[in-house]
Amino acid sequence: MNVTESRFENRQLHMEDYLQMVSAEQKEYAEVFDYSKITEKSGVITDYWTDNLLDLILRKENLNKAYKQIKANKGSGGIDGMQVDELLPYLRENQETLIQKIRDGRYKPNPVRRVEIPKETKGEFRKLGVPTVVDRVIQQAITQELTPIYEEQFSENSYGFRPKRGAHDALRQCQKNVNEGYVYVVDMDLEKFFDTVCQSKLIEVLSRTIKDGKVISLIHKYLNAGVIANGMFESTEIGMPQGGPLSPLLSNIMLNELDKEIESRGHRFVRYADDCMIFCKSRKSAERTLKNIIPFIERKLFLKVNRKKTGVAHISKVKYLGYTFYRNKGKCRFRVHPKSVTKMKDKIRELTDRNNGMSNAKREEKYQQFVRGWVNYFRLADMKKLLRETDEWARRRIRAVYWKQWKKVKTKYRMLKALGLEHWKAKELACSRKGCWRMAQVLNQIFSNKIITKLGYTSILDYYLVVCEN
């Protein structure tokens with residue numbers, strides 16, 4: 001493990017932007033060559049680049065693109081403390097040395113920084129590994145060149161972390177399967193997938209396609225880089241870090257083996273990352289499929305199936321990607337799963353907490369961002385009634401926030417007068433000793449929905465009616 005001491009010197013930051021100048025943000029490098037055109041013309045040249053993939057990864061064009069992507073994504077630094085804003089000056093000074101180390105096989109990635117985020121299940125955490133910013137650039141450069149190679153191999157029923165594919169595409173395919181009579185599903189849950197991946201199996205799968213040993217070795221080094229947790233180093237002989245640009249692609253490469261096996265057995269399925277559902281026409285068929293697929297997953301892929309969370313169910317009893325399914329007039333439709341509704345309301349409670357010390361401008365901005373993001377994701381669902389009720393509840397919380405902020409009687413009186421109340425009524429309400437929540441209901445007609453919308457608190461229902469796709 002290389003621990004860096006100075007701000008920049010001796011940091012094991014890695015290959016980057018062959019930038020040679022800040023012009024990564026000012027002008028583009030001329031295209032060196034068009035890989036896609038080369039591969040179309042000659043299978044021999046294609047084989048050359050498959051066997052000499054490292055040269056492709058270390059091209060100026062690819063490295064510049066990787067740098068720009070990492071800079072756009074921002075994010076916090078790794079164990080060396082270097083932030084994205086510090087990346088360019090360091091790389092301009094050290095790029096040649098770093099690139100040569102990679103070419104010679106002497107480059108050693110830094111361990112990742114352990115970050116734990118809570119899961120929906122109380123007491124459980126998802127372990128993330130944050131690489132250093134330079135490691136992120138190298139991983140991004142590798143990912144950019146491996147993606148088009150493996151995209152040709154991936155299944156049409158795989159939707160997670162793939163170009164021009166997403167959760168909505170996976171859900172529409174589920175809907176299509178249900179409409180064609182496949183109403184029973186094997187709801188598959190892989191236990192701690194990223195933490196239990198067999199590295200030797202993954203390297204074996206990678207080696208079938210990647211013939212450049214230096215690239216295989218570099219990827220293996222990232223898998224074995226280790227983790228810094230609570231100031232202590234932990235080795236990573238199994239699993240792969242979840243949090244770097246490379247891990248989503250590696251997970252798809254590993255689980256593509258499962259995809260091919262399911263397809264060879266003639267089953268319909270949908271997979272988004274490690275969330276997989278196999279569709280069947282009867283419960284017996286689904287139970288038989290589950291029984292037969294588990295041995296392949298555990299004995300051939302060396303992964304663990306979570307028996308408690310894996311099972312057979314009717315489509316109406318399943319949660320998938322935050323949605324649940326129901327049938328209306330013979331057609332499959334979507335609803336928001338109750339757990340997703342609970343999470344949404346918890347977030348609104350957090351944003352409209354009267355004691356969180358957030359400024360009005362910041363609260364309005366964050367509220368609008370959350371509403372737009374949440375509705376855009378769940379726009380496939382039928383939820384007019386849910387959103388109407390949620391809007392009423394959220395607006396009452398917002399009124400309570402403002403009532404508490406007004407504090408003094410004279411401030412309340414002045415604001416109520418500004419809202420159009422007569423003198424006697426404004427004075428009566430300003431002197432009221434009722435609590436914030438009760439007064440928020442009293443203010444319902446005075447502090448109107450229209451005013452709240454003008455303040456920047458987007459109506460969830462109104463925005464849904466604009467973007468919904470059902």
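This is a predicted model: local features need pLDDT of at least 70, side-chain atom pairs count only at pLDDT 80 or more; totals for chains, interfaces and linings use all residues.
1. The side chain of E469 meets that of R172 in a salt bridge, with N to O at 2.5 Å. R172 sits in helix α7 (residues 167–179) and E469 in the segment after α20 (460–467), so this pair ties together parts that are 297 residues apart in sequence. R172 is also partly exposed, with a relative accessible area of 34%.

2. There are 22 salt bridges in the structure. One of them joins K176 to E180, whose closest N and O atoms are 3.1 Å apart. K176 is partly exposed at 41% relative accessible area, and E180 is partly exposed at 35%. Elsewhere, salt bridges that share partners link K201, E204, R208, E257 and K260 into one network.

3. Have a look at E61 and R59 too, whose side chains meet in a salt bridge of 3.2 Å, N to O. R59 counts as buried, at 12% relative accessibility, whereas E61 counts as partly exposed, at 31%.

4. On to the strands. β1 (residues 112–118) pairs with β2 (residues 125–130) in the antiparallel sense, over six bridges. In this pairing, V115 stands opposite L128 in β2. The two strands form a hairpin with six residues between them, and G123 in the turn has a positive phi of about 90 degrees. β1 is also joined by two bridges to β4 (residues 227–229), and these two strands run parallel. There, R113 stands opposite I228 in β4.

5. Six bridges connect β10 (residues 323–328) with β11 in the antiparallel sense. Y323 has V336 in β11 as its bridge partner.

6. Last, the surface. R354, K404, K407, K408, K410 and R414 form a positive patch there. Among them, K404 has its place in helix α15 (residues 384–406). K404 is partly exposed, with a relative accessible area of 33%.

How values were computed: Residues are numbered from 1 along each chain as its sequence is written. Side-chain values use heavy atoms; hydrogens and water are left out. Patches are made of residues with over 30% relative accessible area and no salt bridge: like charges are joined within 9 Å, nonpolar side chains (Val, Leu, Ile, Met, Phe, Trp, Tyr) within 5 Å. Accessible areas come from the Shrake-Rupley method with a 1.4 Å probe; for residues, only the protein chains shown count as cover. A salt bridge is a side-chain nitrogen of Lys or Arg within 4 Å of a carboxyl oxygen of Asp or Glu. Lys and Arg count as positive and Asp and Glu as negative; His and the chain ends are not counted. The place of a charge is taken as NZ of Lys, CZ of Arg, CG of Asp or CD of Glu. Helices (H or I, at least four residues) and strands (E, at least two) are DSSP runs, numbered from the N terminus. Buried means under 20% relative accessible area, exposed over 50%, partly exposed in between (1.4 Å probe, protein chains only). Two strands pair if DSSP finds at least two bridges between them.
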